[in-house]
Each structure stands twice: as structure tokens, then as C-alpha cells.
Amino acid sequence: MTVWGLLAAGIPALLSAQAAVPGALPPGQQTIQSSEGAQAAKSGPEVSPLHAMQLDVQHRPITAGGFVKTGPVIFEDVSEKAGLTRWTHKMGTPAKGYIVETKGSGVGLIDYDNDGWLDIYIVNGSTFNALDGKETPPHAALFHNNHDGTFTDVAAKAGVTNDRWGFGVAVADYDNDGWPDIFVSNWGKNRLYHNNHDGTFNDMGEKAGVTLGNWSSGATWGDYDGDGRLDLFVAGYLHYDRNNLPIAGENGVPNAFCTFRGEQVSCGPRGLKGEPDHLFHNNGDGTFTDVSEKAGVADKPGYYGLGAVFADINNDGKPDLLVGNDSTPNYLYLNKGDGTFEDVSYASGFALNEAGRETASMGIAVGDYQNNGMLDIFDTTFSDDYKPLYRNEGDANLTDISYQLGIAEISVPFLSWGDAFMDYDNDGWKDLLMSDGHVYPEADKYAWGTSWKQRPMLFHNMEGKRFEPVPAVEGTGLAVVIAGRGMAVGDLFNDGKLDAVINVMDGPPVLLRNVSPDKNHWLELKLVGGVKSPRDAVDAAVYVTANGMKQRGDVISGGSYLSTNDLRPHFGLGQATTVDAIEVHWPSGKVEKFTVPGVDRIVTLTEGTGK
């Protein structure tokens with residue numbers, strides 16, 4: 001058994017109070033049958049029947065414990081050292097009496113000044129007092145990368161503080177001028193920050209026609225019609241009325257929609273009106289046209305959209321659209337290539353999980369974990385429910401195999417948000433990272449077997465056959481206990497190791513620096529599209545052959561939970577010191593082969609310069 005398997009199986013030994021449902025338990029964990037009843041309240045998020053309570057040897061919920069004293073150290077929390085802790089996220093009051101105060105915000109990784117180093121944009125929330133003019137609104141942060149391991153918040157100087165109740169961020173170059181822009185989704189009017197090429201941005205949201213005005217959530221950029229210009233999809237969550245906030249037993253809201261496990265909590269989303277989704281076509285002149293109805297992605301049932309991402313699921317060279325919905329079925333829209341989409345949510349298997357239940361979906365990660373050239377999908381969900389991983393069988397047929405892969409049972413107590421496939425040890429196999437934290441502060445008050453603040457989870461990919469949990473070593477980044485929400489991953493230090501930034505509810509962000517001791521080689525590619533592709537090559541797919549395997553990496557804007565990862569595809573090469581082949585499938589449809597001068601470097605590939 002590997003070191004991962006030994007530690008995950010309970011070294012030190014497990015205490016078992018009662019027989020648990022099948023599945024490996026985290027280190028030092030015991031199980032206690034919950035006395036809260038056999039079924040979670042259907043009034044709240046859609047969850048599975050209650051599982052056995054999982055506590056560590058110190059009787060802490062496993063979500064905030066289960067640490068080991070020794071083991072592989074993968075991440076170091078360098079938040080304070082990097083200068084990120086001078087900024088704090090704020091969203092409503094600590095009591096979280098309303099659902100708008102519970103969802104948290106996202107993170108966007110962006111090289112806004114084109115200096116070759118990733119900067120960090122972190123969305124902030126707001127408060128009712130700020131909306132009423134009684135206090136200064138919380139500001140978003142734009143952390144400039146100083147190239148020395150530290151960051152400086154330049155949001156005010158750059159003009160991107162938002163000052164609205166913020167949720168999501170999607171980064172892309174929407175006008176093909178070579179400089180990345182920022183879309184911010186809000187409760188209230190959205191923002192579209194255009195990059196002025198001098199370290200500042202202008203909000204062009206009103207002129208562009210993308211402000212909307214109620215509760216927008218996950219956003220993603222993609223060229224759905226192949227005209228070389230990036231279009232914008234914005235998921236809608238709730239139609240939330242500031243003047244008629246949902247209160248149990250008032251404004252037509254039944255008390256049943258404001259309880260969880262028999263306790264009163266914030267109302268929703270069930271019982272509340274959903275907000276439609278919107279697809280905006282890029283007109284090429286700085287404006288956008290809402291084509292949601294025409295394209296067939298308007299969300300007529302009014303589901304509660306959170307996660308959203310454009311990605312080519314059926315390998316036909318056209319970006320499809322995934323939407324993760326809270327407590328309602330998920331959407332998978334296949335791009336028909338004529339400006340419209342086909343809803344294959346149920347036929348594909350993505351609408352529901354393996355048990356045929358809708359889930360409280362939060363974030364969506366896409367990546368080829370098997371190295372077979374097809375994008376698989378991971379979906380974060382509520383606590384009391386496992387997190388489904390959908391294996392792509394080809395032709396947009398998806399199979400939930402979370403239990404087979406070993407990530408289902410262990411994930412049940414966690415309430416997960418941001419997620420990403422990332423090869424943290426550069427062995428050529430994409431691993432899985434997620435941020436966690438509950439929506440109900442009451443989780444610390446009642447014996448629910450979970451907690452308000454939770455530790456992140458990392459799973460090591462065992463050559464595409466299963467995932468094994470990486471133990472949380474005391475004092476390391478995997479042992480930070482936070483109210484995690486949005487998360488983005490990328491190479492923030494240009495050292496070939498993928499790091500993660502987590503936006504923390506009502507707290508400073510967490511920067512997990514990758515300090516994995518592996519000595520494997522790597523390659524990162526910055527893609528520049530030609531005249532018929534988006535300039536930043538969003539929607540491109542790259543295939544790299546090295547170390548006896550062929551990997552796929554995609555340029556994707558959006559995804560995770562309300563966040564945007566590094567747009568540079570990253571490839572771990574194992575012990576290989578050369579790359580055998582690179583093939584880029586550009587958004588224009590052009591396919592080119594490239595060579596690189598060596599490994600352990602970041603290389604720019606421009607469309608039209610290959611073979």
C-alpha cells in the first residue's frame with residue numbers, strides 16, 4: 001500500500017463506535033450514529049440521507065480535524081508572508097440570517113499588467129448597512145505580484161474595487177486587444193472592467209449591456225459561435241428582493257423552507273424564485289446582445305444557478321456549456337454549431353447524481369484525469385452528500401463514479417465550493433483539490449457532525465484508477481480550518497508548481513503555496529490566438545506527449561466556484577527531460593504542432609507559427 005493509502009486508512013489507528021457506511025475514513029476518525037433522524041430536511045438543500053457522524057480522536061468533526069503529525073507536506077499557508085491578510089472579506093453579519101450572506105465570493109487569477117506574473121483579484125461581498133449608505137462598502141482586492149513572494153493591493157488605484165455585493169469573477173480578453181479584462185457578478189448590477197493597458201480599468205458594464213440587476217453568480221467566457229470573439233454566460237441564482245427579504249412565516253415564505261435538520265436557518269433556496277441565466281453575444285464593438293432565449297440556455301424552469309463553465313465535453317471543437325444548479329438538476333448544453341445549444345442534461349447523466357438525485361451543486365471542475373483525451377467533470381455539493389465525479393465515456397455520456405474512485409464517502413461531511421483538477425506533484429496525473437466551509441453558523445452549535453469552518457481536501461490521482469486522500473499534516477496548508485468559498489489555482493511564483501488561492505468568508509484570503517518535495521519536471525504554455533481565434537485562446541485544447549503519456553490541457557475562463565484559474569495550461573512531466581510532441585487545437589479549428597527548447601519553463605505559443 002502506498003503512503004497515501006496507509007495514512008488514509010487510519011494510521012494512527014481508527015476508533016470505530018459503530019459500523020459506518022463503506023469507504024476509507026480519515027486518520028484518527030471514529031464514527032457515531034447521528035441522533036438527528038434518518039433524513040435531512042427536504043426543505044433545505046437537496047441532500048442524501050444522513051450518514052454516520054465522523055469525529056477524530058479528539059472528538060472534533062472530521063471537517064475541522066483528523067490531522068496527522070507527520071506525512072508529506074504539499075502546501076504551506078503563506079497568506080501573511082505574501083501580504084494578503086491585510087485585506088478581509090465581508091458578507092452580511094456573522095449570524096448569516098439571510099441566504100445572500102452565506103454564499104461567499106470568488107477569486108480570479110489574472111496577469112493584468114502583462115509582466116508574466118499572475119496577480120490575484122478577490123471579490124468582496126457587502127452588508128445591508130453599506131447598501132443603505134450607513135457604512136463604507138467593502139472593497140474587492142487586486143493584488144499585484146511583486147515577483148518576490150509578496151503582493152500589493154492596488155484595487156483602488158486600478159479602479160476595480162466594485163463596491164457592490166460581489167460574488168463571481170471571470171477573467172478573459174473580451175475585445176482581443178491583448179490585455180485581460182474582468183467581469184464581476186453581483187447581487188445588483190454587474191461590472192465589466194476593461195483593461196486600459198496602464199494598470200487601470202474602466203467599468204464598461206452599462207455600455208456593454210451586461211449589468212442585469214438582480215443576483216448573478218457563476219460566469220464564464222467562451223466563443224460559442226466561432227466568430228473569434230469571446231461571449232459571456234452569466235448564471236442567475238435567486239430573484240432576491242431587497243425590500244421583501246425572505247423570513248420564515250413572512251412574505252409568503254413557509255417556515256419549512258427556513259429549517260435544516262429541524263433547526264431554524266436562513267431561508268432558501270428552496271421556496272424562493274430562481275433568477276434566469278443569460279448568454280451575451282459579443283458584437284465586436286464593445287457591446288453584447290442577450291441571446292439566451294434564441295440559443296436555448298435561458299433556464300426557463302428558474303433553477304438556482306451557481307457554477308458555470310464553457311468546455312468542449314464531446315470533443316467536436318466547439319465549447320459546450322455546463323451549469324451547476326443548487327438543489328435543482330444541473331444543465332449540460334451541447335453546442336450545435338449554429339448559434340444554438342441542445343439540452344442533454346438528463347441524457348448525458350449530468351443532471352443528477354448516481355442515486356438519481358439532484359444535488360446542491362456549487363462549483364464545477366473539468367479536466368482529463370484519466371489522460372484519455374476527454375474532459376471529466378467534478379461537482380462540489382452540500383454536506384451530508386458525496387461529491388460526484390462524472391467520467392466522460394465519450395460523445396457526452398457521463399457516468400458518476402465517485403464511489404468507485406474513492407472520493408465519495410470521505411467527502412460526505414464536507415460542504416464544498418471551489419474545486420480544481422491540478423497536478424500538484426507534476427507526475428503527469430491530475431489530482432483534485434477543493435475548498436470547504438458550511439453555510440450555516442449553526443453547524444457549530446448542533447451535533448451535525450460537521451463545522452462552520454472546514455479544512456481543504458486534496459486527493460492524489462493514482463494513475464487514473466482511483467483517488468487517495470492526502471493527509472492533513474498539522475501546521476501545513478491542508479490543516480487550515482476556514483470558511484472557504486471560491487478558489488483558483490495557478491503558478492503564482494512561476495516555479496512550475498500549482499498554488500491555490502481561497503476566498504474566505506468574513507476573513508482574509510488563504511494562499512496555499514505548493515511546496516511538494518517532488519523533483520518532477522513540468523511545462524507551462526501561454527497561448528496567443530490568431531486572427532480567427534480569441535486573442536487569449538480561450539477554448540483551445542493542448543495535447544502534450546512526454547514521459548510515455550499524452551495529456552490534455554484546456555484554456556478555460558470561469559469554473560470552480562465563481563472563480564477563474566490560471567489560463568496557462570500546466571503539464572507535469574514526471575522524470576521526462578524532453579517533450580515528444582505538442583499539438584494545439586485552436587478555437588478557430590486550426591490544428592498545429594509545436595516544439596519547445598526544453599522543460600521546466602513557461603513557453604508562449606502563437607497561432608500560425610507552428611506546423
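Student: In strand 16, which residue is the bridge partner of Phe233?

Tutor: Strands of a sheet pair through backbone hydrogen bonds, either parallel or antiparallel. Here the partner of Phe233 in strand 16 is Leu279. This is a predicted model, where local features need pLDDT of at least 70, side-chain atom pairs count only at pLDDT 80 or more, and totals for chains, interfaces and linings use all residues. Residues are numbered from 1 along each chain as its sequence is written, and side-chain values use heavy atoms, leaving out hydrogens and water.

Student: How many bridges join strand 13 to strand 16?

Tutor: Three, between residues 231-236 and residues 278-282, and the two strands run antiparallel. Strands are DSSP runs of E, at least two residues long, numbered from the N terminus; two of them pair if DSSP finds at least two bridges between them.

Student: What is the strand order of the open sheet?

Tutor: The order is 12-13-16-17, with antiparallel pairing. Strand 12 (216-222) and strand 17 (288-290) are the edges, each pairing on one side only.

Student: And how do I read empty space inside?

Tutor: Rolling a probe the size of a water molecule over the atoms shows where empty space is left. A cavity is a set of points, on a 1 Å grid over the protein atoms alone, where a 1.4 Å probe fits but cannot get out. The largest cavity holds about 450 Å³, a volume being the space filled by probe spheres set on the points.

Student: Which residues lie nearest the centre of the largest cavity?

Tutor: Val366, Phe421, Asp554, Asn565 and Asp566, out of 31 lining residues, meaning those with an atom within 4 Å of a point.

Note on methods
Helix = DSSP H or I, 4+ residues; strand = E, 2+ residues; numbered from the N terminus. 1 Å grid on protein atoms, 1.4 Å probe; cavity = no way out; pocket = protein on both sides within 12 Å on 5 of 7 lines; lining within 4 Å.
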